[in-house]
Amino acid sequence: MPTARLYIPQDVPFELSEIDLAGASDDDLIEISRDSGTALSLDEMRRIKEHFVRRGRNPTDVELQSIGQAWSEHCCYKSSKAFLKEYVFSITNRHVIDRGDAGVMEFDRDHAYALRIESHNHPSAVEPYGGAATGIGGILRDVLCMGARPIALVDPLFFGPLDYPFPRLPEGIKHPKYLLGGVVAGIRDYGNRVGVPTVSGGLWFDESYIGNCLVNVGCVGIAEKSNVRRNAVRGPGDVLVLVGGRTGRDGIHGVTFASAVLTKESETESRGAVQLGDPIMKEPVMHAVLEANERNLVNGMKDLGGGGLSCVVGEIALAGGCGADVDLSRVPLKEEGLAPWEIWISESQERMMLSVSPRNLEKVLHIFKLWDVPATPVGKIVREKRVRLFFEDVKVFDLELDFLTEGPEYCRPCEADAAGKRRKEKLPKTRSRYDGTLLGLLSDHNICDRDWVIRQYDHEVGANTILKPLHGKTGHWSHGDAAVLKPVEESFRGLAIATASNPFAVGVDPYRGGKACVDEVCRNLAAVGARPHSLTDCLNFGNPEKPDRLWQFRETIRGIGEVARELNLPIPSGNVSFYNESPTGPVLPTPAILGCGIVRDIRKCVTSDLKREGNPIFLVGPTKAEMGSSAYFRKTGSYSPRIPNVDTSALRAGLDIVVGGIERGAVVACHDISDGGLAVALAEMCIGGDLGANVNLEGMGRLRSDAKLFAEGTSRWLVEVRKGKERQLPRDRATKVMKMGHVEGHSLRLVSGRTLIDVCLDRMARRFNEPIWRVVG
Amino acid sequence: MAVAEVRVTLKKGVADPEGRNTLKALELLGFEGIREVRSVKVFEIEMGGRKTEIERRVEEMCRKLLANPVIHNYSIVVK
Amino acid sequence: MKVSDARVCVLRIEGTNCEEESYRCFKRLGAKPEKVHLKQLTGTDVTSDERRSLSDYQLLVFPGGFSAGDYVRAGAIFAARLRSRLSKDLVEFVREGKPVLGICNGFQILVEAGLLPAMSGVMSEAPEAVLGTNDSARFECRPTLLKNVNRGNCVFTSRIPGDRICQIPSAHAEGKLMFPLDSANRIIKELEENDQIVFKYVDPDGELAGYPWCPNGSIASIAGLCSPEGNVFGLMPHPERVFFRYTHPDWTRHPDGNGDGRAVFESVLEYISKKI
């Protein structure tokens, strides 16, 4: 190590060095950043050097490591913050209660719900089972530390094509089949064990995910308002109690791992950065934390996620306007011989920090003892805003919180890539019949039945899942648009949860694509009878140091923010994941959105499957010839830059019509129109209900037949109305409502002047149900 | 300290879904020519004491927890 | 005893996760349920206020979940802890005719503890059966249909008519009921004679089912068993998840009436009100 001379070992009975920054050249600084694993840039290293020169001393290794954690992209959002502030954080309304580790929203007069989604991409690409499992663990703690009981998990997943040829797989990259199996098993074994139902999610396949799959996990929780806690201490004198798992070397430098591009060496080099989860530690942690909190013994809590203790102590103290003194030698360890800096930044799983008044300490420790969960007082809160660390009575760390937590904020260059603009429009050939096209779309991996995944997750533990992920008549099923939970025993009010993403649209036009994602999540919520209420988003993008990737990011959240603002939908939490690139290139820009909606009375909810022969079928929303990025275009090798736009007045009108129709009992089935367009949406309704439909598309106007069938225009739904209740379906001049046909027979018939599609039900169901089973059985 | 290795295997004729499905997964991943995959569970128990004493106690552990006689055989090797 | 006096012990350890919904079913029907940690019965790490005795209760429930992670074998660790600390209390509880219910992981615990099928006494020396890995080797969360085949012995199904098909969902990875291969046929016959078989998995036509209607490959499609006296009952499917109609998978088609699981809880409370 050429910089070895700059590390000055200290005369103490454990590993501790001072780093001679004062005497370090720029080259030395770069070298120190690299061999300490902190991934700080030269500018950042210079800023640190200046700070310590001004204070007339050198940092210890504990201090430098801590700054590396605090200033990582993952912890301080240095590339994204400016944009998030502009487009997302400013949307607010009176239902927002808190924006902490999870967002907290009002549910009813006495209750609040918490929501958050985040990524666990890089660990999952290297070790899919452990990576995905720890992702679940982390998101549960984010919700738990707001004082909320987790009631639902959500997991949008993005992989390379399942039939990708093995020989083409780049070196060091795992096959999507293996990754899918491992990730699903990880979510299953962890989520099922902790007893939180997995109710929503999604699966997307694209070649861009070959080298860097995306694993996003979301969680929703419920709390009585009086039990909601901030991620903050109450004041000086509070005791910091570390609860849960022991601390080890697992997960060291997880955040810096998440903030760099994956390489083929990542697999061997980064195993240390993948933590191992223990759901049977987490389950009692949840019990004990909730019990202590509900007995009003906890002042504030925070999850130990990225950066471990080094981030949580500073943040929880500063949020209460204080500082902290911490004794690192009290932290329970998995193995002996950890250096103070390792203890301080380790990301070992299943840990939380509780801030407790001294008079409540014994009671809190007793609760944890009963559940056999380690709980250890490790520090106390002090008035001055600084953190001091001691190890075996030696002070190893002393930093002002303003300096530590005020990470850099960048306005990096941001510009569209000119190449995309030049691509020419290429339309598919028209056909006389589209039976084969429809069947092809139904069996496309991006559309077909996901029951292989869904049934491995317990989606009804807790016995509160009113609408489950699969809808249909007994023995038949298709996808629902949103899950509905009934979180409060004494009330029929429901919480609907939906997931949406459209990386294909965002990839062609990030601004319109971002808007379309919000439109989709709102459609999903309305389709079961819920009014959209809040959103949380996980934004998965490439390397933000490249201007075109950052431009995609900015345009996407501009689009997301615009529609959310128009609909008055706050986004009280979220997560940004950059550097989703591998030697094969960046992933498609992928915003995954989790939406929550309020159902006034769950007994009015509807599912997507057709219910009864003879009922009329209506189309809500206008259809346009915007086909760019549609599943149909992708399947036929076509291209168009014209991505469906969102007309918020039509969206709002459509939401009112659909939810109004459901609440009045007029609508008995509803499905939003998304991937594969109207034909696929109607086919799914038929498959779930084991009933056919006969529909005439002439009323849609002068459009190409394939546009009528397969366009994925926004703000559209298909609704089945109870016969005789047609007039109960609300109307609105801002959008179109059109009767198209009836539930009828045992085949799907779509006509426009001539027959375009006429396929029997069993054939559609087979093509829809089998594809994933065939590949991963 | 000695290490007692406990191997818990399925009795002959008992279905082994884990083995069978692992076989299938391996085939889906492109491995050919596998005849059978059997799942086995191994526990390594580190403890002190005389060998015969360890064997006796580990035998009891098997009966009380580690194996279910309805479907399992077990073997103990003290190293 | 009046139902409102019936004390229900919903027993849990780390990894138990269906206690809340099981607790609520009894609460809704007016009984007095309580969530009790195993350590409260054994007196480990608890204050005197928290100490409980099994004899204070009229009904013992082992809810679903993954007790102790199910790491050795589903239910095995909970069962071993029970046997080492509470076997005397348990045997006495069962001998008094007090009912014991095991749902999903609870059923696995009862089998591993020797409390079911209990053909050689209240608590057999070694397990007489096992709930092994599903044939699919996967966790299976899916709707299942159960036929009550019990002729009146089981105290948990007295209010479910014999021909009735109940929709009670399953969610487990280890639910395949197995007996020693060499004696399986004899045991099944004996169970039938003793009227110990309670629920069988059937398809929508009411016929004995294979996969997926029988999600695990259980011998003779058995979903639930009771003890020879009928007061210890275990089943893999989750009746507590369908207490209400609106948690049934297809409730929007048939929104009226009670959930199919409710009758299990009503039956046992009726038994307590008449017999205890």
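The model is predicted, with local features requiring pLDDT of at least 70 and side-chain atom pairs pLDDT 80 or more, whereas totals for chains, interfaces and linings use all residues. Residues are numbered from 1 along each chain as its sequence is written, and chains are lettered from A and ligands numbered from 1 in the order in which they are written.

Chain A contains 27 helices and 32 strands (DSSP runs of H or I, at least four residues, and of E, at least two, numbered from the N terminus). Its C-alpha atoms fill a box of roughly 90 × 60 × 45 Å along the principal axes. Of the 777 residues in chain A, 62% are buried (20 or more other C-beta atoms, placed from the backbone, within 10 Å of the residue's own).

Helices H7 (residues 128–144) and H8 (residues 176–194) of chain A pack at an angle of about 40°, with their axes 7 Å apart; axes are lines fitted to C-alpha atoms over the stretch in contact, and angles run from 0 to 180 degrees between N-to-C directions. Residues that make this contact include A:Ile136 and A:Leu140 of H7(A) and A:Val183 and A:Ile187 of H8(A), contact being defined by C-beta atoms, placed from the backbone, within 7 Å.

Between chains, 20 residues of chain C are in contact with 14 residues of chain B. On the side of chain C that touches chain B, helix H3 (76–95) and strand S5 (130–132) of chain C each supply at least two residues, and the largest share, three residues, comes from H3(C).

Key:
Contact = placed C-beta atoms within 7 Å. Buried ≥ 20, exposed ≤ 12 C-beta atoms within 10 Å, placed from the backbone.
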